[in-house]
Amino acid sequence: MQQNIVEVMDLIYDYGERPAVNGLTFSLRKGEALALLGPNGAGKTTTVRLLNGLFAPTSGKISVFGLEPFRQGDDVRSKTGVLTETPALYERLTARQNLDFFGCLADMPSVERGKRAEELLAFFGLHDRASEPVGAYSKGMKQRLALARTLLHRPPLLFLDEPTSGLDPEAARQVHALIENIRKENGQSVVLCTHNLAEAERLCDRVGVINRGRLLALGTPDELRKQVMPGLWLQVDLWSPLPQQVWRSLEGNPSVLEIARSGELTLRLLVSEQAAIPVLVTELARLGGQLLAVRPQPISLEDVYFALQEKDRQENVAEVHHALE
Amino acid sequence: MRWNKIGAIVKKDLLEVKGNRAVWIPVLVVPLLISVLLPLSLILIPTQMDISPQVLASDSDLRRFVEQMPAPLKASLEGLDEFQNLIVLMLGYFFAPFFLIFPLMFTTVIAAESFAGERERKTIEALLYTPASDQELFTGKLLAALFPAVSLTWFTFLLYTLVVNAASYPVFGRLWFPLPGWYPLIFWVTPALALLGVGATVLISARSQTFMGAYQTSASLVVLVLALFFGQVSGVLYFSVGVGMLVGLAFWVIALVLLALAVRSFNRAALLTAKKRS
């Protein structure tokens, strides 16, 4: 079993009248990628700041590489690289000057940081314009340079806040490949804060859905699907409307969890498991259903995400009502 | 503290200042105006335009100022003709408080750019995620504002000394500037004011989201110095060596108190969570 490099236990951080982080508990293994999904203000950025020792937790425990971030912030930050939500580059400085400055603060020797900067500038296609002030760069170029800055000192733990924001599809694909590659080759761990559910599913081993500072669910995408929305959707296209006995059979079938009709000739069935599909299709045909096509539609991470957020919203409304009574 | 990191912060901040015209233009223009143009016009215009020095020296404010001067300072004017008297009073005494404004002006503009400017441009967060300690970040930014402010003030003083002596040499036939009171003013009072300016600007920047907001508020410090200036003009306060040392001491005390408060206010959480007020 691989060791945990991050351990968070009952973490609370109060900011103003409400907690920005409210009882988070999770861990991150060496080489693992964890996505934190949540709307703006959910507490993702605050969590990253707490893990890097920028804020002192109100209560709870955080351990990053066995260190306590708020007390040993410099040591923790020397092992982490953070891509902030905005590129946060010095626009009057050139790309080389930016990388040299951050490399120096990360304790990289002069020769090594020069060599590494050139390597990253070439990788991100910025080499030809590396001596120009960053203010003249496009949004995508700035994002690539910010990524280069994050990777500069080869940190074993990366925090990436919306890494492909502002990038064109080609550059976004390049960044995805880079993240997959650094994990594979260097065993770097990644915490990815994103709104992009497809990106999270593609790049991360586990996903944590967060809102109002609380972790609503945590697990692999498959685990979350099973946990939050067990089963899978089956779209059935019909040649003719279903006879009454077929409807009765569907409603009484324990494998069918939900029936959604969309018109006379199409229906969607939420079935408990994949193995139930052949049995169900045979039964429908036996009872006189004329089936044109049957298409299984797996639950997407997006479905899971919105189901969790909706559940949380309803809980919030209930809490407010309870408080008012 | 790791001085290589502090050096990198100083170098970066100075490169940023160099790239920002809104910062360095006033920093260069105002001292040039005061150290070159004003003394030259005061000395050269009367001689070139044939205005009698007696006419200039007959000004009633000037006479009142001379009358109210302490005896030892009044003695320094003895043996001078009326034009020489006018030059010494204007360039040797009246202009002295301008050199109190310079360090404040330089530090407030550079420190506001360095502290509030970073937050305004949202670069502060990337800086706070680096393995530099709060003390290293603060010291780097402090030196980045202090070093050019003191250097520029001293350079302006050197330029002023050269211009005043060169332009007035035909009038005096000797080098007469600086007067003794200038030494504590330049080498004791101005560094204290520069430090005071940084301390105040850091405190103000903690409550201001924009460079201009921080700069404008910090610049109100100049009012304090202007009070001294008018004190000088009206004959209330003279920068003799003793007065200079005392004023300097008071500024050092204020500067160190402000600096201690600034150090306390400078921490990562406070820098990230400061409320927008400007």
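Start with chain B as a whole: of its contacts (heavy atoms within 4.5 Å) with a separation of 6 or more, 85% are between residues 24 or more positions apart. This is a predicted model, in which local features need pLDDT of at least 70, side-chain atom pairs count only at pLDDT 80 or more, and totals for chains, interfaces and linings use all residues. Residues are numbered from 1 along each chain as its sequence is written, chains are lettered from A and ligands numbered from 1 in the order in which they are written, and side-chain values use heavy atoms, with hydrogens and water left out.

**Chain B, overview**

Switch to a cartoon view. Chain B has 14 helices and zero strands; these are DSSP runs, numbered from the N terminus, with helices being H or I of at least four residues and strands E of at least two. Of the 278 residues in chain B, 55% are buried. Buried means under 20% relative accessible area, exposed over 50%, and partly exposed in between, with a 1.4 Å probe and protein chains only.

**Chain B, two ring pairs**

Now look for rings. Over all chains there are 26 aromatic pairs: rings of Phe, Tyr and Trp (its six-membered ring) with centres within 6.5 Å, called stacked if the planes are under 30 degrees apart, edge-to-face if over 60 and tilted for the rest. Select B:Phe138 and B:Phe266: their ring centres are 5.3 Å apart and their planes at 65°, so this pair is edge-to-face. B:Phe138 sits in helix H9 (residues 134–172) of chain B, while B:Phe266 sits in the loop between helix H13 (241–265) and helix H14 (268–273), so the pair ties together parts 128 residues apart in sequence. Both B:Phe138 and B:Phe266 are buried.

Next, pick B:Tyr160 and B:Phe177, another edge-to-face pair, at 5.2 Å centre to centre with 80° between the planes. B:Tyr160 is in helix H9 of chain B and B:Phe177 in the loop between H9 and helix H10 (182–205), so this pair links parts 17 residues apart in sequence. B:Tyr160 and B:Phe177 are both buried too.

**Chain A, charges over rings**

Hop over to chain A. Its average pLDDT (the predictor's confidence in each residue, from 0 to 100) is 90, and 99% of the residues score at least 70. Show A:Arg268 with A:Trp233: the arginine lies over the face of the ring, 4.4 Å from its centre. A charge sits over a ring if NZ of Lys or CZ of Arg is within 6 Å of the ring centre and within 35 degrees of the ring normal. A:Lys79 does this with A:Phe65, at 5.8 Å from the ring centre.

**Chain A, helix H9**

Select residues 244–252, helix H9 of chain A, where A:Val246, A:Trp247 and A:Leu250 are buried. Look down the axis: these buried residues fall within an arc of 100° (taken from the directions from the helix axis to the C-beta atoms), so they line one face of the helix. Turn to the other side and you'll find A:Gln244, A:Arg248 and A:Gly252 exposed. Among the elements covering the buried residues are strand S11 (256–261), strand S12 (266–271) and helix H10 (276–286) of chain A.

**Last stops**

Where is A:Pro243? Look in the loop between strand S10 (232–238) and H9 of chain A. A:Pro243 is partly exposed, at 25% relative accessibility. Beyond its neighbours within four places in sequence, A:Pro243 contacts A:Leu287, A:Gly288 and A:Gly289.

Finish on A:Lys142, in helix H5 (residues 139–151) of chain A. Buried or exposed? A:Lys142 is buried, with a relative accessible area of 17%.
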